[in-house]
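I opened the model today and kept notes on what I looked up. The entries follow the order in which I worked.

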Amino acid sequence: MQATTSFTYHTKIRDVFSEMSQVVVGQDRLLNRLLIGLFTGGHILLEGVPGLAKTLTINTLAKVLELDFQRIQFTPDLLPADLIGTMIFNQKTSEFEVKQGPIFANLILADEVNRSPAKVQAALLEAMQERQVTIGEETFVLDRPFLVLATQNPVEQEGTYPLPEAQVDRFMMKVFVDYLNREDELAVMRRMSNMNFDYEVQPVLGREDLVAIRDEINGITISETLERYIIELVFATRKPMDYNLRDEARYIQYGVSPRASINLNLAAKALAYFDRRDYVLPEDIKEVAPDVFNHRIMLNYEAEADGVTTLQVIDSILRKVAIGR
């Protein structure tokens, strides 16, 4: 199959990173994953301690891409109507009318999403999966692009409601946001301690550009060998003993879902596109596999007792499962 990718927007994507760097320091990997999700239609779950510029990054990205942005702070008393909207009575017309909620935007930051109960998470679930919401008896299709970027704080667990597995699986990737290195932290300190700092980012891409970029990524070629490699990685999480992963088999309770293979394929194509290649390499798959798999593999209590993490299990699978098996 011949690739049809022309890389028309490659320079503009580099400009997005350049413009973002005027405000956000040291989060290139986070921005990379956000763009992968945006260009391929996948939602992103972010996990990291407070103060790592997660909200600033998403807000700035919305400005650079000229997209509508809404930040929703999830709290224990949040109601579904606070998220999607509700019916209100108009006294002038003596009729009920729809008041749309903050979910009607292009980029949604669901801040501390695990702090709200199941009924609120269920309301978010329909929007994420169906790209639509139902208010009363009326269904509304959400604008495209539509991307949910949810954050979790790994430090505080008191007063939280663990996300249902069905909802977690609907996130394309779970990205761990780590501390900055010394030089980046120094740059942030200098920049933000200047009380006159107020850089206004300039738009680089528009909505029509995002649709065109998605079409170009769709033209990236992935060989049958690498397609089968993705499937082998997926099955290695489900039946590790078939792959001589004896140690890993002790710890895995459930493997990844079929969404993992789909999202790994899409993410690898996006990485190839960013590198201006019209074909996927094994390195592309290996680079994004931890982000695609880490929230889908369920470990058992023995893994917790032995201090084994999901990322360690994924690393073992990537090292031991051969291409062209």
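**Entry 1: helix H9**

I started with the buried side of H9. Its buried residues are Leu-226, Tyr-229, Ile-230, Glu-232, Leu-233, Val-234, Ala-236 and Thr-237. I note that this is a predicted model. An α-helix has 3.6 residues a turn, so residues three or four places apart point the same way.

Next I asked what covers the buried residues of H9. The cover includes E10, H11, helix H12 (282-293) and helix H14 (310-320).

H9 has 15 residues, which should span 21 Å at 1.5 Å a residue. Its end C-alpha atoms are 21 Å apart, so the two values agree.

**Entry 2: Ala-236**

I stayed in helix H9 and picked Ala-236. Is Ala-236 buried or exposed? Its relative accessible area is 0%, so I put it down as buried. Leaving out residues up to four places away in sequence, I found Ala-236 touching Tyr-243, Leu-245, Ile-317 and Val-321. I also took a distance to Asn-265, which is 29 residues from Ala-236 along the chain. Their C-alpha atoms are separated by 16 Å.

**Entry 3: Ser-316**

I moved to helix H14, where Ser-316 lies. Ser-316 has a relative accessible area of 11% and is therefore buried. Not counting residues up to four places away in sequence, Ser-316 touches Leu-245 and Glu-248. I had already listed Leu-245 as touching Ala-236.

**Entry 4: Asn-244**

I then looked at the loop between helix H9 (224-238) and helix H10 (246-249), which holds Asn-244. I read a phi near 60° for Asn-244, a positive value in a residue other than glycine. Asn-244 has 57% relative accessibility, so it counts as exposed.

**Entry 5: Ser-257**

Where does Ser-257 sit? I found Ser-257 in the loop between strand E10 (252-254) and helix H11 (258-274). Its relative accessibility is 18%. The cut-off for buried is under 20%, so Ser-257 counts as buried.

I searched for its partners. Setting aside neighbours within four places in sequence, Ser-257 is in contact with Asp-169, Arg-238 and Arg-296. With Asp-169 there is a polar contact of 2.7 Å, side chain to side chain.

**Entry 6: helix H2**

How many of the 13 residues of H2 are buried? I noted 11, so H2 is largely enclosed by the rest of the structure. The buried residues are Leu-30, Leu-31, Asn-32, Arg-33, Leu-34, Leu-35, Ile-36, Gly-37, Leu-38, Phe-39 and Thr-40.

I compared the length of H2 with expectation. From first C-alpha to last, H2 reaches 18 Å, close to the 18 Å expected at 1.5 Å a residue. Gly-41 follows H2, and its phi is positive, near 80°.

**Entry 7: the cavity**

The largest cavity has a volume of about 50 Å³.

Which residues line the largest cavity? I wrote down Phe-17, Met-20, Ser-21, Val-24, Gln-27, Asp-28, Leu-31 and Thr-57. Helix H1 (10-20) and helix H2 (28-40) each supply at least two residues of this lining. I sorted the lining by class and got four nonpolar, three polar and one charged residues. Leu-31 of the lining is also among the buried residues of H2.

I turned to Glu-138, which has its place in strand E7. Glu-138 has 42% relative accessibility, so it counts as partly exposed. Leaving aside neighbours within four places in sequence, Glu-138 is in contact with Val-98 and Val-133. Val-98 is 40 residues from Glu-138 along the chain, and I found their C-alpha atoms separated by 8.9 Å.

The loop between strand E7 (138-141) and strand E8 (147-152) contains Pro-145. I checked the peptide bond from Arg-144 to Pro-145: it is cis, with omega near -5°.

**Entry 8: Glu-112**

One more backbone check. I located Glu-112 in the loop between strand E5 (107-111) and helix H5 (118-130). Its phi is near 50°, again a positive value in a residue other than glycine.

Definitions and conventions
Residues numbered from 1 in each chain as written. Predicted model: local features only at pLDDT ≥ 70, side-chain atom pairs only at ≥ 80, totals over all residues. Heavy atoms only, no water. Helix = DSSP H or I, 4+ residues; strand = E, 2+ residues; numbered from the N terminus. Buried < 20%, exposed > 50% of the residue type's maximum accessible area, 1.4 Å probe, protein only. Polar contact = N/O pair within 3.5 Å; in protein donor to acceptor, adjacent residues only side chain to side chain. Contact = heavy atoms within 4.5 Å. Expected span 1.5 Å × (residues − 1). 1 Å grid on protein atoms, 1.4 Å probe; cavity = no way out; pocket = protein on both sides within 12 Å on 5 of 7 lines; lining within 4 Å. Points joined across faces, edges and corners; volume = space filled by probe spheres on them. Nonpolar A, V, L, I, M, F, W, Y, C, P; charged D, E, K, R; others polar.
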